[in-house]
Amino acid sequence: MTTLRGESGETIEPGSTVKDFHGKQWTFDRISRPAAGNSTGRVQLSRPCGHNESDHETSFHWCRGTEVREFFPSVIEAQITP
């Protein structure tokens, strides 16, 4: 089973709150691409978008209230292990 491990070896479970290297908080959703060969893999993280309701009605109508991004695991000081 593929696992995401933090800097000190602890397992990071989906739904856990993590911080990126800028100090921004995210929720770990899943391992989106496993580590293979020379690739470190990718993790999917999410957080509230930060737009207010009136912004959603005018400029950000495409936004669903959540920002979802894919990062290298090193962005959150973690690694994907088999």
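From the N terminus on, the elements of the protein follow the order β-β-β-β-α-β-β, that is, one helix and six strands. Helices (H or I, at least four residues) and strands (E, at least two) are DSSP runs, numbered from the N terminus. The model is predicted: local features need pLDDT of at least 70, side-chain atom pairs count only at pLDDT 80 or more, and totals for chains, interfaces and linings use all residues. Residues are numbered from 1 along each chain as its sequence is written, and side-chain values use heavy atoms, with hydrogens and water left out.

Along the principal axes, the C-alpha atoms of the protein fill a box of roughly 45 × 25 × 20 Å. The accessible surface of the protein is about 5600 Å², and carbon and sulfur atoms account for 48% of that surface. These areas come from the Shrake-Rupley method with a 1.4 Å probe; for residues, only the protein chains shown count as cover. Of the 82 residues in the protein, 30% are buried. Buried means under 20% relative accessible area, exposed over 50%, and partly exposed in between (1.4 Å probe, protein chains only). Contact means heavy atoms within 4.5 Å. Among contacts between residues at least 6 apart in sequence, 47% join residues at least 24 apart.

The largest nonpolar core has 12 residues in all, among them Leu4, Trp26, Val43, Phe71 and Ile80. Such a core is a set of buried Ala, Val, Leu, Ile, Met, Phe, Trp, Tyr and Cys residues joined through side-chain atoms within 4.5 Å. Strands β3, β4 (42-48) and β6 (78-81) each supply at least two residues of the largest core.

Leucine 4, a core residue, sits in strand β1 (residues 3-6). Its relative accessible area is 2%, so leucine 4 is buried. Not counting residues up to four places away in sequence, leucine 4 touches residues including Ile12, Phe28, Val43, Pro73 and Ile80. By contrast, 20 Å separates the C-alpha atoms of leucine 4 and histidine 22, which are 18 residues apart along the chain.

A search of the whole structure finds one aromatic pair. Tryptophan 26 and phenylalanine 71 form this pair edge-to-face, at 5.3 Å centre to centre and with 75° between the planes. It links distant parts of the chain, with tryptophan 26 in strand β3 and phenylalanine 71 in strand β5 (residues 66-71), 45 residues apart. Rings of Phe, Tyr and Trp (its six-membered ring) pair if their centres lie within 6.5 Å; planes under 30 degrees apart count as stacked, over 60 as edge-to-face and the rest as tilted. Both tryptophan 26 and phenylalanine 71 are buried. Leaving out residues up to four places away in sequence, phenylalanine 71 also touches Gly41, Arg42, Val43 and Leu45 besides Trp26.

Serine 32 belongs to strand β3 (residues 25-33). With 19% relative accessibility, serine 32 counts as buried. Apart from neighbours within four places in sequence, serine 32 is in contact with Arg42, Val43, Gln44 and Glu70.

Glutamate 77 lies in the loop between β5 and β6. This residue is not a glycine, yet glutamate 77 has a positive phi of about 55°. Glutamate 77 counts as partly exposed because its relative accessibility is 49%.
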